Amino acid sequence: MGLLERSYCRIERALRLCNAAGWVGIQSLGLGLLDPEELVRLTVERFESSSYLDPAYIRSGLWLWEREALRRFFPTSGRILVGAAGAGREMLALHRTGYTVEGFECAHTLVDAGQAILRDEGCPGQLIWSPACTVPTMEGQFDGAIMGWSGYMYIPLRIQRVELLRTFRGLLRYGAPLLLSFQTREQCERRTYWSARCANWVRKIRGVQPVLTGDYLDNGFKHWFN
């Protein structure tokens with residue numbers, strides 16, 4: 001191998017390391033300085049003006065994996081609760097399938113857009129606003145529930161995620177399914193480990209609760225699961 005080839009391989013490796021170090025540094029700074037309430041506000045702001053407002057998207061129906069989960073695990077009829085419902089894509093698709101459906105969402109613009117489209121489509125189910133990371137008080141019990149596409153990832157604290165699941169459980173009939181969707185971190189496990197570790201040095205100095213491996217900033221907050 002000539003000098004040029006060897007030099008290229010070394011330069012490429014150095015650039016990859018610099019990119020990884022820069023990513024860890026930026027993540028560490030953000031996660032170290034931002035508290036859960038600020039992470040939630042950043043995330044909600046992202047969805048206040050997003051592609052989820054597109055009427056074509058709202059009317060696009062369930063994705064293949066959602067339809068398969070519905071077929072395999074959900075009753076063929078009944079009352080379904082949709083959390084992190086956005087502007088109502090899942091709600092509208094479930095209504096068309098024959099379910100009675102209700103939903104909640106924390107971004108005001110998505111709620112307003114969804115309510116208008118659901119009315120236009122003749123869906124009687126309520127889409128209501130609810131504070132982020134919470135399940136609102138609902139009447140009666142449900143035959144199944146869906147946490148909207150990756151909505152579970154946007155909750156910054158583990159204790160909040162566990163409490164959300166407990167609240168869902170209280171609204172579901174015995175044995176009723178709850179569908180969660182999330183991304184996993186196998187491809188960036190080392191990066192998220194080091195970004196959390198460095199962020200926690202900052203948070204220790206500040207005297208605040210540590211973050212977890214998998215916590216990640218990308219136009220808002222996400223927690224990538226293992």
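Predicted model: local features only at pLDDT ≥ 70, side-chain atom pairs only at ≥ 80, totals over all residues.
Reader: Which residue does the side chain of Arg96 meet in a salt bridge?

Author: A salt bridge is a side-chain nitrogen of Lys or Arg within 4 Å of a carboxyl oxygen of Asp or Glu. Arg96 has Glu121 as its partner, at 3.5 Å from N to O. The two residues link distant parts of the chain, being 25 residues apart, with Arg96 in helix α5 (residues 89-97) and Glu121 in the loop between α6 (108-120) and β3 (127-129); helices (H or I, at least four residues) and strands (E, at least two) are DSSP runs numbered from the N terminus. Glu121, with a relative accessible area of 29%, is also partly exposed.

Reader: How many salt bridges does the structure hold, and where do Arg71 and Glu68 lie?

Author: The structure holds 10 salt bridges. Arg71 and Glu68 form one at 2.5 Å, N to O, and because they stand three residues apart in helix α4 (residues 64-73), about one helical turn separates them. Arg71 counts as exposed at 59% relative accessibility, whereas Glu68, at 32%, counts as partly exposed. Arg173 and Asp143 also form a salt bridge, their closest N and O atoms being 2.8 Å apart. This pair, 30 residues apart, joins distant parts of the chain, from the loop between α7 (158-171) and β5 (178-179), which holds Arg173, to the loop between β3 and β4 (144-147), which holds Asp143. Salt bridges also link Asp35, Arg203 and Arg206 in a network.

Reader: Which residues touch the most other members of the largest nonpolar core?

Author: A nonpolar core is a set of buried Ala, Val, Leu, Ile, Met, Phe, Trp, Tyr and Cys residues joined through side-chain atoms within 4.5 Å. The largest has 49 residues, and those touching the most other members are Phe74, Leu81, Met91, Leu94, Leu164 and Phe168. Another core, of seven residues, lies apart from it and includes Leu31, Leu39, Ala199 and Leu217.

Reader: What is the volume of the largest cavity, and which element gives the most to its lining?

Author: On a 1 Å grid over the protein atoms alone, a cavity is a set of points where a 1.4 Å probe fits but cannot get out, and lining residues have an atom within 4 Å of a point. Grid points are joined across faces, edges and corners, and a volume is the space filled by probe spheres set on the points. The whole structure has one cavity of 30 Å³ or more, and the largest cavity has a volume of about 420 Å³. Its lining consists of 29 residues, with Ala84, Ala85, Glu105, Gly151 and Tyr154 nearest the centre. Two or more lining residues come from each of α2 (36-48), α3 (55-58), α5 and β2 (100-105), and α2 gives the most, with four residues.

Terms used. Residues numbered from 1 in each chain as written. Heavy atoms only, no water. Buried < 20%, exposed > 50% of the residue type's maximum accessible area, 1.4 Å probe, protein only. 1 Å grid on protein atoms, 1.4 Å probe; cavity = no way out; pocket = protein on both sides within 12 Å on 5 of 7 lines; lining within 4 Å.
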